[in-house]
Every structure is written in C-alpha cells, then in structure tokens.
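Trainee: Please pick one part of this model and take me through it closely. I would like to follow how that part is joined to what surrounds it.

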Amino acid sequence: MRQFRRDETHRRISGKFRARTVRLTRVYVEGELTAGRVVELPPDTAAHLAKVLRARSGDEVILFNGDGREFTGAIQAVRGARVSAAVGDGRSVDRESPFA
C-alpha cells in the first residue's frame, strides 16, 4: 500500500486513491496581523479563493501584510464570496531577490 506524504491530499477516483500535492496560497491583507485574531479577507481575494480555488473551511493559507513577516492561517468560514481566516504564528521572512 502506498504511503502518502503529509502535504498530499487524497481523492478517490474510479476506485483508486490519487494523490494531489497541495500548494499553500499567499494572501495579502491590509492592516495589522496578530496571532489568534480572525480577519476578513479583501473582497477580490476572497472571491478568488472561494470561487476559483474552491477554498473550504480548514484550508491552510499564508497571510502577509508587507511588514516582512508571514503568518500561518486557516480559512475559518466561506460565505458566498466572503472569506474569513484565523491568523496563526508569524515569522520573519526575506523575499528580496539576491540580485536587487
């Protein structure tokens, strides 16, 4: 029996399980991000997550606001084209190109 990696989801298709690698989505949020808080995502971003990416409650995302940190997050609720996410732990990241 095939062992699935932790970052794969499983779909049952034609009696067989197929693995699909899940990609974390980075979401820009204006304003301050604080661990433990729930934020309403911007309308355009929320509509894209809900309708195009078909995000569901519990899906993981990465939240950032341009201050040099990223926060883990999880979709809290999807209501039509409105999406809220719970903010998790933050960490400093350097996304600057080494050629800049």
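Mentor: In helix 1 the buried residues are Ala 46, Leu 49 and Ala 50. Buried stands for under 20% relative accessible area, exposed for over 50%, and partly exposed for what lies in between (1.4 Å probe, protein chains only). Helices (H or I, at least four residues) and strands (E, at least two) are DSSP runs, numbered from the N terminus. The model is a predicted one, in which local features need pLDDT of at least 70 and side-chain atom pairs count only at pLDDT 80 or more, while totals for chains, interfaces and linings use all residues. Residues are numbered from 1 along each chain as its sequence is written, and side-chain values use heavy atoms, with hydrogens and water left out.

An α-helix has 3.6 residues a turn, so residues three or four places apart point the same way. The face turned away from the buried side of helix 1 carries the exposed residues Asp 44, Lys 51 and Val 52. After helix 1 comes Arg 54, which has a positive phi, near 55°.

What lies over the buried side? The cover of the buried residues of helix 1 includes strand 3, strand 6 and strand 7. A nonpolar core is a set of buried Ala, Val, Leu, Ile, Met, Phe, Trp, Tyr and Cys residues joined through side-chain atoms within 4.5 Å. This core has 16 residues, and Val 27, Leu 33, Leu 41 and Leu 63 touch the most other members. Apart from neighbours within four places in sequence, Leu 41 has contact (heavy atoms within 4.5 Å) with Ala 46 and Leu 49, and also with Val 27, Val 29, Leu 63, Val 83 and Ala 85. In soluble globular proteins, nonpolar side chains tend to be buried together.

Two strands pair if DSSP finds at least two bridges between them. Strand 6 and strand 7 pair in the antiparallel sense, over nine bridges. Arg 79 stands opposite Arg 82 in strand 7.

Strand 7 also holds Ser 84, which is buried at a relative accessible area of 6%. Beyond its neighbours within four places in sequence, the contacts of Ser 84 include Val 38, Val 39, Glu 40 and Arg 79.

Two of these, Arg 79 and Glu 40, form a salt bridge through their side chains (3.4 Å, N to O). Arg 79 lies in strand 6 and Glu 40 in strand 4, so the pair ties together parts 39 residues apart in sequence. A salt bridge here is a side-chain nitrogen of Lys or Arg within 4 Å of a carboxyl oxygen of Asp or Glu. Both Arg 79 and Glu 40 are partly exposed, at 39% relative accessibility. The structure holds five salt bridges. One of them joins Arg 91 to Glu 70, with the closest N and O atoms 3.4 Å apart. Arg 91 is in strand 7 and Glu 70 in strand 6, so this pair links parts 21 residues apart in sequence. Glu 70 is buried, at 2%, whereas Arg 91 is partly exposed, at 48%. Arg 26 is linked with Glu 70 and Arg 91 in a network of salt bridges.
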